[in-house]
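Good morning, and thank you for coming.

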Amino acid sequence: MYPFFELPSFTSGMLIALIASFHILPSHLATGAFWFTVSVERDAIRRNRPELLDFLKKYTLFILLFCFVSGSLTGVGIWFSSTVASPRGISGLIHNYVWGWATEWVFFIIEIVTIYTYYYTFGKIDSRTHLRIGWIYAWAAWISMIIITGILSFMLSSGKWVETGGFFDGFFNRTYWPQLFMRTGLMFGIAGLYAIIVASRLDNQDVRKWITRKAAIWGIGGMAAAGFFCTWYLFSLPEAAKALLFEGTLPYLKKLGTVAIGSLAIVTTSFIIFGFVSPWRVNTVTGTILVLVLFAGIGAAEGIREGIRRPYVIDNYLYSNQIVAHDLPAKKVTAETVRFGTEGFLKNLFFVPDQIKDAPGVHPVEAGRIVILLQCGNCHALERAGIIRPLPVLISRLGMSSPEELADFLLALESYPYMPPFVGTDEDRLAAGAYLASLVR
Ligand code: HEC
């Protein structure tokens, strides 16, 4: 185990969630936008409408600036935050999918080279070659989505990988295809919404109207596809995930679902209004509000995906608190739940001072704090005023206060479907109980 990265009150898990949710906007815009771009540019060439190129220049410049600055920064931010918050989770992924990421990065480089070339060669090279560069970008960006979706969906449904350890057994898992198509639909929706906002700033009213209608059709199509494949996705979820989501075990997940559906409905309705009823209603302000609505919906949907993966960070392999949950003979890995249960959890933490490790009973509160921080701290704040599921509040609600009662409660964690079981010897557990009691005192 690694030392714990503690983010008081907020929890390190939420830090990743914040950065990753923001990353969705630039990343999906970067993958979807150029399909719209090349479609408009093809129209411009075929119908001989050079005035459309003004729109394209504006459209591309923002992608170049927004996606390739904020997208790159938050992309690296996800790596940094998940490396400190979930070092073994990220290590497990790298050990399996390093070649997946290597492939993805090749396509990132193609994207970076082609988008700069595309933007700076507007009007300087012949139009067919320019269009071809756009196509290369569009495909490279979508291929990067094909790859990353395999790794993301693997974390939720690891499939046959737990038996074979095979790259593709985990990659093409049961939630892969619906998730890929859902994200693809969504990327067209985001591209359409962004096109409408850019078009609202054009002086040429003909072009504005034409682009707005075309973008609305893309948006409606994208959102409808996202909705359809989302339904398939929900059906394809592992049974445990379905239970968490649909059976009300974690009521907040259903609330997130309502936010996601509401956001999809609002954005789709706006596409219909802007595209077919009154295109003049859209301006930078209404457009930005819609982006925020869409952002809330996407954030909620990602929150669900992360929530229903519990208690694992890698399905059926690694718990959210970094403890190896089950044997994985294909990778010569053995469960730590069993080993720590006999050898002791604290005893296996090399960074804990010997006097605490060897006799947790002498300083039970200090020893217990380390146990609780490592086993619960990813999901729970330890402060009473903590923002994310504060343990003192949750425990007070259960009405327990003595160290013994709380140590017994830790045995009952096993019966919660969304929390990992407590791992360790009775000594570890009594120390943890003593610390929990100090929280509610
Ligand atoms: C994978 C994330 C995760 C981990 C790790 C985790 N919990 Fe939880 N815990 C949750 C969630 C989610 C809830 C539900 C909170 C809610 O209902 O708002 C919860 C609820 C609780 C509750 C309230 C239970 C109830 O019946 O109302 C207690 C107490 C609790 N956790 C203690 C712990 C302790 C102690 C640990 C560490 C030994 C721990 N949790 C580890 C996610 C986690």
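Let me begin with a term: helices (H or I, at least four residues) and strands (E, at least two) are DSSP runs, numbered from the N terminus. Residues are numbered from 1 along each chain as its sequence is written. Please keep in mind that this is a predicted model, in which local features need pLDDT of at least 70 and side-chain atom pairs count only at pLDDT 80 or more, while totals for chains, interfaces and linings use all residues.

First, the overall build. The secondary structure of the protein comprises 17 helices and two strands. Along its principal axes, the C-alpha trace spans about 80 × 40 × 35 Å. Of the 441 residues, 43% count as buried; a residue is buried if 20 or more other C-beta atoms lie within 10 Å of its own, exposed if 12 or fewer, and partly exposed in between, with C-beta atoms placed from the backbone. Two residues are in contact if their C-beta atoms, placed from the backbone, lie within 7 Å. Among contacts between residues at least 6 apart in sequence, 73% join residues at least 24 apart.

Next, the domains. The protein is divided into domain 1 (12-319) and domain 2 (335-440), with bounds that come from an automatic or database domain assignment. Their C-alpha centres lie 39 Å apart. Twelve residues from domain 1 and seven residues from domain 2 make up the contact. On the side of domain 1 that touches domain 2, helix H1 (12-46) and helix H9 (239-246) each supply at least two residues. That side of domain 1 divides into eight nonpolar, three polar and one charged residues. Here Ala, Val, Leu, Ile, Met, Phe, Trp, Tyr, Cys and Pro count as nonpolar, Asp, Glu, Lys and Arg as charged, and the others, Gly among them, as polar.

H1 also packs against helix H7 (residues 176-199), at an angle of about 70° and with the axes 7 Å apart. Axes are lines fitted to C-alpha atoms, for helices over the stretch in contact, and angles run from 0 to 180 degrees between N-to-C directions. H1 and H7 are therefore roughly perpendicular to each other, since angles of 65 to 115 degrees count as such, under 35 as roughly parallel, over 145 as roughly antiparallel and the rest as oblique. Among the residues making this contact are Trp 35 of H1 and Ile 190 of H7. By class, the contact of H1 with H7 has eleven nonpolar, four polar and one charged residues.

Ile 190 leads us to Met 223, for the two are 33 residues apart in sequence and 8.9 Å apart in space, C-alpha to C-alpha. Met 223 is found in helix H8 (residues 205-236). Is Met 223 buried or exposed? Met 223 counts as buried because it has 26 C-beta neighbours inside 10 Å.

Finally, the ligand. It is surrounded by 21 residues, the closest being Ser 320, Cys 376, Cys 379, Leu 394 and Met 419; a residue is near a molecule or strand if its C-beta atom, placed from the backbone, lies within 6 Å of it. Domain 1 and domain 2 each contribute at least three residues to this shell. Helix H14 (364-376) and helix H15 (391-398) each supply at least two, and the largest share, four residues, comes from H15. By class, the shell has 14 nonpolar, five polar and two charged residues.
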